[in-house]
Amino acid sequence: MSLSVLQRTIALAAVALIAVVGALALARAGNEDDTTAGDAQQVTVAETGWYTALAGSRGAARDAEQTTCRRILTGRSLGVSNPVLPCGAKIFISYGGTEVLTEVIDSHMNRPGRQFELTEALAQRLGIEGTQQIRWRFAAP
């Protein structure tokens with residue numbers, strides 16, 4: 001088996017694993033109530049359907065900045081960047097006792113080491129400075 005075939009096989013297996021985890025998360029989120037989680041575990045699903053992730057502000061929007069999801073950002077835009085979740089996916093983000101319903105508006109990440117980048121307005125609303133551990137979950141349909 002050549003190296004390129006092996007790399008493709010590993011990439012396809014990774015995509016399949018992400019799809020299964022996403023499907024399980026969607027199914028679980030639809031069965032949970034709106035109670036808040038206690039201490040979240042690092043990069044795992046808590047018993048209440050919440051995930052944990054590292055997030056920080058993507059910085060102020062540039063003039064007429066367009067995202068990979070074809071959104072034009074302004075200083076008031078509320079949304080998140082995530083390289084895996086589809087454009088428009090509705091999610092709840094929770095930090096410091098504040099919970100906000102938002103959506104994926106970009107798949108491009110500006111800084112390494114984060115799973116989410118928040119618009120500056122969303123980061124301010126949540127009180128996030130720098131990179132912080134947040135909780136998130138899919139919004140029920």
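Is Glu117 buried or exposed, and which of these is Arg114? Glu117 is buried, and Arg114 is buried too; buried means under 20% relative accessible area, exposed over 50%, and partly exposed in between (1.4 Å probe, protein chains only). The model is predicted: local features need pLDDT of at least 70, side-chain atom pairs count only at pLDDT 80 or more, and totals for chains, interfaces and linings use all residues. Residues are numbered from 1 along each chain as its sequence is written, and side-chain values use heavy atoms, with hydrogens and water left out.

Glu117 and Arg114 form a salt bridge, with the closest N and O atoms 3.8 Å apart. A salt bridge is a side-chain nitrogen of Lys or Arg within 4 Å of a carboxyl oxygen of Asp or Glu. The structure holds 7 salt bridges. One of them joins Glu103 to Lys90, with 3.3 Å between the closest N and O atoms. This pair links strand E4 to strand E3 (residues 90-95), across 13 residues. Glu103 is buried at 19% relative accessible area, whereas Lys90 is partly exposed at 42%. Another salt bridge joins Glu99 and Arg137 at 3.9 Å. Here Glu99 lies in E4 and Arg137 in E6, 38 residues apart. Arg58, Arg62, Glu65 and Asp106 are linked in a network of salt bridges.

The strands form a barrel. Helices (H or I, at least four residues) and strands (E, at least two) are DSSP runs, numbered from the N terminus. The barrel closes with 6 strands in the order E1-E5-E2-E4-E3-E6, and the pairing is mixed. Two strands pair if DSSP finds at least two bridges between them. E2 (residues 80-81) and E4 (residues 98-106) pair in the parallel sense over 2 bridges. Ser81 has Asp106 in E4 as its bridge partner.

Aromatic rings also come together. The structure holds 4 aromatic pairs. Rings of Phe, Tyr and Trp (its six-membered ring) pair if their centres lie within 6.5 Å; planes under 30 degrees apart count as stacked, over 60 as edge-to-face and the rest as tilted. Tyr51 and Phe138 have ring centres 6.3 Å apart and planes at 90°, so this pair is edge-to-face. Tyr51 lies in E1 (residues 51-57) and Phe138 in E6 (residues 132-138), so the pair ties together parts 87 residues apart in sequence. Both Tyr51 and Phe138 are buried. Trp136 and Phe138 are also edge-to-face, because their ring centres are 5.1 Å apart and their planes at 75°. Ring pairs link Tyr51, Phe116, Trp136 and Phe138 into a cluster.
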